[in-house]
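Hello,

Here is the structure we talked about. Please open it first, then read my notes below.

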Amino acid sequence: MVHYIRLGIASTAIAVALTAAPAANAVSAPQSAVEKKTSVAVTLRYDDSRAAGWESAIAAGVASWNNNVDNVKLVEAAPGTRAEIQIVATSGWPQATLGPVRPGGQARVELGSQAVTQGHDKTRIAAHEIGHNLGLPDTKPGPCSQLMSGSSAGTSCKNAVPNAAEQARVERAYTGGAASRTPADGRVLVDAR
């Protein structure tokens, strides 16, 4: 409680300054996880209209990223609207453009059936290739716990969840509500062994 003594304008200014001083020195409360998620997330749209047969794998791969990173969110593009990520089904090996893709930019994912024919998991393939668009290179050879180890983890590997290091790298690329200021790589990474 502040007590005011009527001493004139100068005293009033001092009383106001003393009243405001504790607020200026107060430590602000950290942002809650909900505030962080909603205040800085970059939204990237994807179009999977040319990926017949991969719909459930794509949905699960997208959900894996959306559930494990906060700074970027993937949403399906409405028909006829522009999407930053084009996802198509092909007969070759899976491949994707190395990002990070930015809002308004363009990246491509090719979900190749050759990897499925050899026994690799469709959901892991989809999540892995989307990881490239988000700026992650391959980490081959690598264990199944690394999503970006891709096919080197073997056909028994079904893990479609990015590990903590992979999550952190994507979070850094999209920190502050925008994709990394460094240019997207743009190389196409083919995930054949």
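**Start with the confidence**

Where pLDDT is low, the predicted coordinates should not be read in detail. This is a predicted model, so that caution applies from the outset. The protein chain averages a pLDDT of 82. A score of at least 70 is reached by 71% of the residues.

**The chain as a whole**

The protein chain has six helices and six strands. From the N terminus on, their order is α-α-β-α-β-β-β-β-α-α-α-β. The chain counts 193 residues, and 40% of them are buried. The accessible surface is about 10,300 Å². Carbon and sulfur atoms account for 58% of that surface.

How much of the contact set joins residues at least 24 apart? Take the contacts in the protein chain between residues at least 6 apart in sequence: the share is 64%.

**Strands**

Look at S1, S3 and S5 together. Strand S1 covers residues 42-50 and strand S3 covers residues 85-90. The two run parallel, joined by three bridges. S3 also pairs with strand S5, residues 107-112. Six bridges join S3 to S5, and this pair is parallel too.

In S3, Gln86 stands opposite Asp47. Gln86 also stands opposite Arg108 in S5. Click on Gln86 and you can follow both pairings.

**Rings**

A search of the whole structure gives zero aromatic pairs. There is a charge over a ring, though. The charged end of Lys122 sits over the ring of Trp54. The distance to the ring centre is 4.9 Å.

Helix H5 spans 122-133 and helix H6 spans 164-173.

Thr123 lies in helix H5. Is Thr123 buried or exposed, or partly exposed? Its relative accessibility is 22%, so Thr123 counts as partly exposed. The cut-off for buried is under 20%. Leaving out residues up to four places away in sequence, Thr123 touches Ala57, Ala60, Gly61 and Ala160. Lys158 is 35 residues from Thr123 in sequence. In space the two are 7.7 Å apart, C-alpha to C-alpha.

Ser149 is in the loop between H5 and H6. Its relative accessibility is 0%, so Ser149 counts as buried. What does Ser149 touch, not counting residues up to four places away in sequence? The list is Arg124, His128, Thr139, Lys140, Gly142, Pro143 and Cys144.

Cys157 has its place in that loop between H5 and H6 as well. Cys157 is buried, because its relative accessible area is 2%. Neighbours within four places in sequence aside, Cys157 is in contact with Asp121, Arg124 and Cys144. Gly119 is 38 residues from Cys157 along the chain. Their C-alpha atoms are separated by 9.8 Å.

Best wishes

How values were computed. Residues numbered from 1 in each chain as written. Predicted model: local features only at pLDDT ≥ 70, side-chain atom pairs only at ≥ 80, totals over all residues. Heavy atoms only, no water. Helix = DSSP H or I, 4+ residues; strand = E, 2+ residues; numbered from the N terminus. Buried < 20%, exposed > 50% of the residue type's maximum accessible area, 1.4 Å probe, protein only. Contact = heavy atoms within 4.5 Å. Areas by Shrake-Rupley, 256 points an atom, 1.4 Å probe, with all protein chains shown as cover. pLDDT = per-residue confidence, 0-100. Phe/Tyr/Trp six-rings, centres within 6.5 Å; stacked < 30°, edge-to-face > 60°. Lys NZ or Arg CZ within 6 Å of the ring centre and 35° of its normal. Pairing = 2+ DSSP bridges.
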